[in-house]
Amino acid sequence: MTQTIDTNIYAAVTEAIQSEAQRILAAGEVTAIVGYAAARRKGSAQPIVITSADDAQKLIFTPACVNNLAVYLTKAKKEIPKSGRIGIVVKGCDLKALVGLMGESQLKREQLYLIGVPCAGVLASTIQPDTGLTSDSIAPKCRECDAHLPQGCDFVPSQTPVTPELEKKYAAEIARLEALTPQERWAYWKEQFSKCIKCYACRQVCPFCFCEQCLCDRNKPQMVDTTPRPAGNTAWHIVRAMHLAGRCAGCAECERVCPMDIPLNLLNRKMAKELKELYDYEAGFDVHDKGPLNSYTEKDDQSFIK
Amino acid sequence: MHPEKQKHDFEPKIIAFVCTWCTYAGADLAGTSRMQYPANVRVLKFPCTGRIDPVFILKAFQQGADGVLVSGCHPGDCHYIAGNFHARRRFAAFRKLLEFVGVDLERLQFSWVSAAEGGKWVEVVSDLTEKVRNMGPMTEFKELALEEQWSGTINTEELKEAYKQI
């Protein structure tokens, strides 16, 4: 049954973001703000960097504001002014990524002005941007979101999103795959990975893939084949999931940008689930100096080691 | 003298990633003590288990390994103090990932073998070799690699036509 999701607060949120952006830019508290602006297609939104208070009116927040803007602070730094504090509009899921980046010393909290967004959910990548938000059109990640209200921001509009309980698609899909035999799982992933065209959009959009040189681009030694063929694809996706294990904040941007619709976030969610079970670690709003895979305790489980 | 060597139909290829301080020395001890163990194992020496990237294991499977053994110092004995603690977490996570992708974890063995445990090295290697021998060759990754090869048969009219044009 299709359920409509209340997005009435988004208009008030947009207004609050605009006036706050206007204020901090005019007062010189920040040199630039990374946010969302309306794009050319009806109802769509795109990222924007504004540096003057006059442009504050351009900022919006709608269900089409799908991007995780945190990536602009790690990779596209060139478009962002070098000096001063940077303002950024963040949904709860994006904030988790920012917090992770702070934990990895990629960003400093005092250099950021966080404008949190109370968010009831955004549209899935395959949906037209002017569609209303319903339980059918909502992004899968929003179905299991526990971060509708970001915490620890410098400014959060006062509205509270109304969020109905929805079926957890990732959790259900992981459970389905786990119940299969290894051969069936291999067949499933073989088919998924064989679709990959190695465009590396998943890497480009990921806030955590910030290495200056990716292991998968190196050719001395070449660890992963670079051509879009089955063996190299499988290796790439395993390496990607492994490098994000214990770091991925679940913004699901990799899955959104994948032109071949490979369920990439499924691997990330699976790893997050396992690390929660093994080491009680979860991406959240608190900055941790060390993630689960670069810390240890002497009592860690070693039942699998002879 | 050497015992009569048993003949097998299938000799698995086992790649062992070992730490130089413990397991390599342990394997050395097994050798100098004249202990017998299967020659199926190819030993690769690393400074520490913490140096062994999961991608090495993947690469080993892709290059035709039927089984992989990763072995290093017992927890607390690491030459670099905590390398094996970090490795332990990393491999625990990597196992879960491989399992989810559908790789049979029976082919991947982790162990702690100290420099004094020549006997344990023999036991670990023999057990893994026998286990993998019974399972047969690892075909999953090889099939992936084979799919990359152009079959070379020009079997359709279209292809024949195109071939003539060249």
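Student: How many residues does the contact take from chain B and from chain A?

Tutor: Two residues are in contact if their C-beta atoms, placed from the backbone, lie within 7 Å. Here 34 residues come from chain B and 34 residues from chain A. This is a predicted model, where local features need pLDDT of at least 70, side-chain atom pairs count only at pLDDT 80 or more, and totals for chains, interfaces and linings use all residues. Residues are numbered from 1 along each chain as its sequence is written, and chains are lettered from A, ligands numbered from 1, in the order in which they are written.

Student: Which helix of chain B gives the largest share of the side that touches chain A?

Tutor: Helices (H or I, at least four residues) and strands (E, at least two) are DSSP runs, numbered from the N terminus. Helix 3 of chain B gives the largest share, 13 residues. At least two residues each come from helix 2 (54-62), helix 3 (83-101), strand 4 (108-112) and helix 5 (140-147) of chain B.

Student: How do strand 1 and strand 2 of chain B run?

Tutor: Two strands pair if DSSP finds at least two bridges between them. Strand 1 (residues 14-19) and strand 2 (residues 41-46) of chain B run parallel, joined by six bridges. Ala16(B) has Val43(B) as its bridge partner in strand 2 of chain B.

Student: Which domains does the assignment give for chain A?

Tutor: Domain bounds come from an automatic or database domain assignment. For chain A they are domain 1 (9-143) and domain 2 (169-294). The C-alpha centres of these two domains of chain A lie 25 Å apart. Their contact takes 22 residues from domain 1 of chain A and 21 residues from domain 2 of chain A.
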